Amino acid sequence: MLLEKFYIRGGKPLTGTVTIGGAKNAVVAIMPAALLADESCTIDNLPYIDDVITLADILEEVGAKVSLSTKGRITIDGSTVTDHKAPYDMVKRMRASYYLLGVLLGKFGKAEIPLPGGCEIGARPIDQHIKGFEALGAKVEIEHGIVRAEAKRLIGNEIYLDVVSVGATINIMLAAVKAEGLTTIVNAAKEPHVVDVANFLNCMGAKVKGAGTDTIRIKGVDKLSGCEYTIIPDQIEAGTFMIAAAATNGDVIVANVIPKHLESVTAKLLEMGIEVIEGDDYVRVKGISKPRKVNIKTLPYPGFPTDLQQPISVLCSIAEGTSIIHESLFDHRFRHVEELSRMGAKIKVEDRVAIFEGVDGLTGALVSATDLRAGAALIIAGLVAEGVTEVDNIHFIDRGYERIERKLAGLNADIKRLDDGQSLLKAVSSNVSLIK
Ligand code: UD1
């Protein structure tokens with residue numbers, strides 16, 4: 001793996017317009033879902049992120065014909081898939097490969113997948129996925145890190161989720177679309193990407209109703225056909241840019257979004273005194289010199305997303321007074337705090353609560369991304385900070401953000417991607433802008 005870094009010279013407000021790409025968390029479910037059809041599916045508004053590339057490789061590995069164009073489009077033909085097993089070395093690279101369990105179980109009545117990898121943000125059990133498959137009649141066992149699921153015939157059932165889980169809701173939908181009879185998921189996740197996956201399945205001929213509410217009903221069908229589908233905009237990428245605009249006291253139009261999906265972020269920015277103007281398909285964020293303190297608790301949609309908890313913690317670090325963030329979904333999602341502290345933030349973490357004593361500013365430092373959204377937070381911190389910040393481990397960031405440095409440079413940020421061997425000091429000592 002190429003070890004690259006971001007070098008950021010902070011202190012410049014972000015200005016201009018940024019266009020948001022397709023939703024990562026939708027595409028990582030929709031791409032495997034395409035295997036359920038007996039014909040090829042074309043998916044548009046595809047983000048070019050590492051998770052998409054990895055997933056395209058995994059789908060090819062199980063026998064699908066995949067064609068990835070440079071115009072944000074992928075065509076997937078699942079009719080050639082014969083293998084119900086996915087390769088360990090690829091699956092371990094991305095957590096969302098667990099969607100192959102639901103897909104292959106739904107397609108062949110059996111699936112064999114290594115337990116997934118992904119971001120280290122705490123224990124991420126899949127007991128609710130398994131509970132769902134078992135309720136549909138599958139026998140599931142985990143042995144030596146491999147999940148094996150098998151059923152003679154999947155039969156619809158009512159499944160109550162003990163926790164609101166995006167992954168379990170989607171995985172059960174994927175397994176149930178071709179099951180016999182009616183499946184009902186109660187206490188389902190309501191995230192926009194859950195709705196997007198349901199819309200995609202319906203576009204292939206499935207009968208899924210109620211996605212976006214806490215009860216989803218799936219009437220099994222015998223056959224799914226090919227379709228063309230456009231992925232929704234990425235709510236988390238959009239939120240990241242909204243927060244970056246606010247934190248740098250900038251003025252940014254975040255375009256190609258569904259403002260409704262951003263309501264929880266908008267609400268918190270407004271509480272902090274930041275101006276947010278909503279258009280039909282954009283939001284404009286205008287910062288202020290000293291944001292007000294805020295209290296945030298992460299919750300399933302439509303609550304404040306855990307994926308934006310780390311980015312918004314930068315804003316809390318420089319806000320007036322004491323802000324509090326309660327992370328209620330994952331237990332190790334404050335690993336970025338140590339890095340922010342090295343940049344001058346005053347943060348105390350107690351269990352799943354972080355307390356921020358607002359400081360006047362941050363200073364550039366060498367910092368390391370510990371996971372995808374932690375990486376996004378450190379970039380924002382670098383944009384805010386005085387001096388130069390170096391962020392390493394940026395392969396985490398590339399998993400979920402398409403060339404984030406190009407989008408930021410388009411907003412007037414001084415940010416550059418450098419190889420591991422390139423020198424921070426050289427960049428610091430040059431008087432010219434990092435962007436050429
Ligand atoms: C998805 C998102 C991730 C986001 C998270 C919460 C994708 C690819 N990833 O992850 O970006 O941070 O939703 O919005 O869409 N849980 C269980 N048992 C299970 C499943 C989950 O106890 O079987 C718990 C988890 O530990 C967590 C909570 O449920 O506390 C929510 O997790 P879940 O919604 O499943 O997250 P992911 O689907 O892994």
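These legends describe close-up views of the ligand and its surroundings in a predicted model.

View 1. An oxygen atom of the ligand lies 2.6 Å from an N or O atom in the side chain of Asp 307, while an oxygen atom of the ligand is 2.8 Å from a polar backbone atom of Gln 128. A polar side-chain atom of Asn 25 is found 3.2 Å from an oxygen atom of the ligand. On its own the ligand has 740 Å² of accessible area, of which the protein covers 88% (Shrake-Rupley method, 1.4 Å probe).

**View 2. The shell around the ligand.** The ligand is surrounded by 21 residues, the closest being Gln 128, Ser 165, Val 166, Asp 307 and Leu 329, where a residue is near if one of its heavy atoms lies within 4 Å. By class the shell holds ten nonpolar, six polar and five charged residues, with Asp, Glu, Lys and Arg counted as charged and Gly among the polar ones.

View 3. Two or more residues come from each of α1 (24-33), α5 (127-135) and α6 (166-176), and α5 gives the most, with three residues; helices are DSSP runs (H or I) of at least four residues. Domain 1 (4-20 + 233-429) and domain 2 (24-230) each provide at least three residues to the shell, with bounds from an automatic or database domain assignment.

**Notes.** Residues are numbered from 1 along each chain as its sequence is written, and side-chain values use heavy atoms, without hydrogens and water. Local features need pLDDT of at least 70 and side-chain atom pairs count only at pLDDT 80 or more, whereas totals for chains, interfaces and linings use all residues.

Conventions
A polar contact is a pair of N or O atoms within 3.5 Å; within protein, one must be able to donate a hydrogen and the other to accept it, and residues adjacent in sequence count only if both atoms are side-chain atoms.
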